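Please look over the sequence and the model first, then read the points below.

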Amino acid sequence: MDVDEGKILAWTEAERLSFADLLEELDEQDWSAATLCPKWTVHELAAHLALSPRTGLKETIVGAIKARGDWDRMTADQAIEHATRHSPAELVAQIREDAGSDHRSPGAKPIDPLADVLIHGQDVVRPLGRSRPMPEQPAIAALEHILASPFWGARKRCKGVTMIATDADWSGGSGPDEVRGPLADLLLAATGRGTALTALTGPGTKRIGAHCNPPVEV
């Protein structure tokens with residue numbers, strides 16, 4: 001799917017504002033709950049999304065040095081530090097303030113922030129037993145990007161797999177092993193969320209599960 005940058009930015013803004021709405025519905029206990037990201041509570045994940053449009057090259061270089069070149073560790077540490085310095089209300093305000101920002105981390109593509117908020121929205125709601133609809137066209141654009149990008153790990157995780165959506169007219173990837181399911185669950189599985197595999201069917205689930213962290217047997 002070819003989408004111009006202006007539309008991607010509009011989708012990202014809408015999803016950030018919707019995510020801020022979601023956060024405002026949560027109580028104190030929810031903010032302390034674990035998410036699908038093992039290192040983050042809801043508070044820390046919200047801090048990550050609030051921090052993302054505010055992280056420049058200098059902060060990235062300093063963070064990378066502290067994390068000894070480990071990008072995931074750097075991202076996790078920066079979010080946790082940001083969460084310690086800002087209350088839930090402050091983080092919600094930051095997300096709203098920067099919802100329309102086109103700033104992104106060094107090396108990121110215009111669509112990466114959209115994929116980030118789509119995925120992390122599910123990371124929050126699913127452990128809380130809530131649902132969060134994922135808009136079809138933004139989800140397709142994000143999923144196609146993730147399958148092609150070297151950054152998200154999906155090239156290895158989904159190698160040899162053809163993904164087929166059951167709630168949209170879409171398929172992607174290539175390979176002998178099919179996996180079928182809702183777009184949201186395909187997106188989560190492609191990014192290593194093993195819990196999404198329970199909503200998917202087909203031999204491709206086993207291949208993907210082997211490359212989740214930790215590996216998932218299906």
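**Cysteines and disulfides**

No disulfide (a pair of cysteine sulfur atoms within 2.5 Å) turns up: a search of the whole structure finds zero. This is a predicted model, in which local features need pLDDT of at least 70 and side-chain atom pairs count only at pLDDT 80 or more, while totals for chains, interfaces and linings use all residues. Residues are numbered from 1 along each chain as its sequence is written, and side-chain values use heavy atoms, leaving out hydrogens and water.

- For Cys37, the closest cysteine sulfur is in Cys212, 13 Å away, which is too far for a bond.
- Cys212 is in no disulfide either, and the nearest cysteine sulfur to its own, that of Cys158, is 8.4 Å away.
- Cys37 is buried, with a relative accessible area of 11%; buried means under 20% relative accessible area, exposed over 50%, and partly exposed in between, with a 1.4 Å probe and protein chains only.
- Cys212 is also buried, at a relative accessible area of 4%.

**Overall build**

- The protein has eleven helices and three strands, where helices (H or I, at least four residues) and strands (E, at least two) are DSSP runs numbered from the N terminus.
- Along the sequence the order is α-α-α-α-α-α-α-α-α-β-β-β-α-α.
- The radius of gyration is 17 Å, close to the 17 Å that the globule rule gives for 218 residues, so the protein is as compact as a globular protein of that length. This radius is taken over C-alpha atoms, and the globule rule is 2.2 Å times the number of residues to the power 0.38.
- The C-alpha trace spans about 50 × 35 × 35 Å along its principal axes.
- Of the 218 residues, 50% are buried.
- Among contacts (heavy atoms within 4.5 Å) with a separation of 6 or more, 62% join residues 24 or more positions apart.

**Helix 8**

- Helix 8 covers residues 136–148, and its 13 residues should span 18 Å at 1.5 Å a residue; the end C-alpha atoms are 19 Å apart, which agrees. The expected span is 1.5 Å times one less than the number of residues.
- Its buried residues are Pro138, Ala139, Ile140, Ala141, Ala142, Leu143, His145, Ile146 and Leu147.
- The elements that cover these buried residues include helix 1 (5–24), helix 7 (112–125) and helix 10 (183–190). Strand 1 (161–165) and strand 2 (171–173) are also among them.

**Nonpolar cores**

- The largest nonpolar core has 36 residues, of which Leu143, Met163, Trp170 and Ile208 touch the most other members. A nonpolar core is a set of buried Ala, Val, Leu, Ile, Met, Phe, Trp, Tyr and Cys residues joined through side-chain atoms within 4.5 Å.
- Helix 1, helix 7, helix 8, strand 1 and helix 10 each give two or more residues to this core.
- Not counting residues up to four places away in sequence, Trp170 touches Ile140, Leu143, Glu144, Leu147, Met163, Ile164, Ala165, Leu183 and Leu186.
- A second, separate core of 24 residues includes Leu22, Ala79, Val92 and Val124.

**Helix 3 and His48**

- Helix 3 is mostly covered, as ten of its ten residues are buried.
- His48 lies in this helix, which runs over residues 42–51, and is buried with a relative accessible area of 11%.
- Leaving aside neighbours within four places in sequence, His48 is in contact with Trp40, Thr75, Ala79, Asp116 and His120.
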